[in-house]
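Have the sequence and the 3D view ready.

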Amino acid sequence: MKPEQALQAYVLGLGDNAMVLGQRLIELVAASPELEEELANANFALDYIGQARLFYSYAAELEGKGRGEDDMAFLRPENEFRNLLLVEQPNGHFGDTMVRQVLFDTYYLALLEALTRCSDERLAEIAARAEKEVRYHVRHAAQWLIRLGDGTEESHDKVQRSLDDLWRYTGEMFSADAFDEAMLKSFNGPDLDVLAAGWRTELERVVAEATLQLPGETVMANGGKQGRHTEDFGFLIAEMQILPRTYPGAAW
Amino acid sequence: MSKQEWPLYEVFIRTRGGLSHRHAGSLHAADDQMALDHARDTYTRRSEGVSLWVVRSDRIIASDPAETSAFFSPAEDKIYRHPTFYEVPDGVENL
């Protein structure tokens with residue numbers, strides 16, 4: 001595999017993570033428990049979709065087949081999406097959503113930081129822009145985790161269960177595939193082993209402050225990076241793509 | 001599930017360096033940190049500010065509307081408190 005091919009696939013995967021997570025958060029629009037939280041959530045969703053646009057546009061350019069950002073988001077089949085299983089997990093209750101955000105955003109922030117130092121200039125620029133947004137997302141979600149964990153007995157128990165349930169989707173973030181390895185080798189990309197250690201330390205801090213327990217060793221689910229997704233993903237993709245697929249080229 | 005109202009906070013924004021913070025509005029939040037985050041998300045989405053203050057509305061000591069006349073009216077007939085009341089004598093420099 002040529003380094004350029006790996007770069008293209010890698011950037012496309014970054015786009016998939018941002019797009020799918022953005023789509024999940026969009027599902028919550030007009031359903032937040034408080035008005036202020038509603039605004040915050042919609043801001044976050046749009047941040048991710050904005051990032052997806054940048055990644056997708058760049059991936060489409062690198063591919064050089066005349067496709068654009070919309071083709072990447074709306075006209076690829078389910079099994080070509082290489083997002084992590086974690087980001088496609090349903091929103092569940094508010095605590096589930098916040099735990100998913102903490103688990104992913106803590107990793108994503110470290111990943112973006114590392115990518116700002118990669119040797120591909122365009123990707124480094126996109127990462128620098130996204131990093132600023134995600135830094136705030138992590139802070140917001142981590143504070144909620146602390147508030148819920150260190151809140152009432154009920155909120156503590158519920159959010160501990162969220163953490164236990166979502167934990168098995170965290171291993172995939174740090175298991176390097178061929179594209180990750182090519183990024184590291186050819187473009188000075190992120191070293192996932194280094195990221196894993198930093199992620200663990202940061203999570204331990206937040207989880208301790210939230211008076212929660214990190215789950216123990218468990219079998220980790222994987223397959224998202226290879227296009228093998230969990231059951232709910234099909235519904236997400238169907239909803240996300242139905243309009244452009246039904247009315248090709250629709251615009252307003 | 002009990003539905004308790006979150007306390008009200010007042011939001012003040014400094015729009016640029018050198019200007020003072022101005023009252024922008026209010027919001028609900030469960031604690032101080034959340035109030036700051038909500039203020040950021042609600043009032044500074046379009047680059048409205050460079051600094052934020054939030055303060056719980058019930059911590060503000062406000063004048064009583066019922067006492068307006070005792071508080072503010074006595075100043076109305078004391079026009080000599082305004083510099084324009086005084087005529088500047090001819091020949092005075094540096095006033």
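Which helices are included in what covers the buried residues of H7(A)?

## About the model

This is a predicted model, where local features need pLDDT of at least 70, side-chain atom pairs count only at pLDDT 80 or more, and totals for chains, interfaces and linings use all residues. Residues are numbered from 1 along each chain as its sequence is written, while chains are lettered from A and ligands numbered from 1 in the order in which they are written.

## Helix H7 of chain A

The cover of the buried residues of H7(A) includes helix H4 (85-88), helix H5 (94-115) and helix H6 (121-149) of chain A. Helices (H or I, at least four residues) and strands (E, at least two) are DSSP runs, numbered from the N terminus.

The buried residues themselves (20 or more other C-beta atoms, placed from the backbone, within 10 Å of their own) are Lys158(A), Val159(A), Gln160(A), Ser162(A), Leu163(A) and Leu166(A).

## Where the chains meet

Turning to the interface, 8 residues of chain A are in contact (C-beta atoms, placed from the backbone, within 7 Å) with 11 residues of chain B. On the chain B side, strand E2 (22-28) and H1 are the elements that give two or more residues. H1(B) supplies the largest share, 6 residues.

Helix H2 (residues 35-63) of chain A packs against helix H1 (residues 32-43) of chain B at an angle of about 65°, with axes 9 Å apart; axes are lines fitted to C-alpha atoms, for helices over the stretch in contact, and angles run from 0 to 180 degrees between N-to-C directions. Glu36(A), Leu39(A), Ala40(A) and Asn43(A) of H2(A) meet Asp37(B), His38(B), Asp41(B) and Thr42(B) of H1(B).

Conventions. Two residues are in contact if their C-beta atoms, placed from the backbone, lie within 7 Å. A residue is buried if 20 or more other C-beta atoms lie within 10 Å of its own, exposed if 12 or fewer, and partly exposed in between; C-beta atoms are placed from the backbone.
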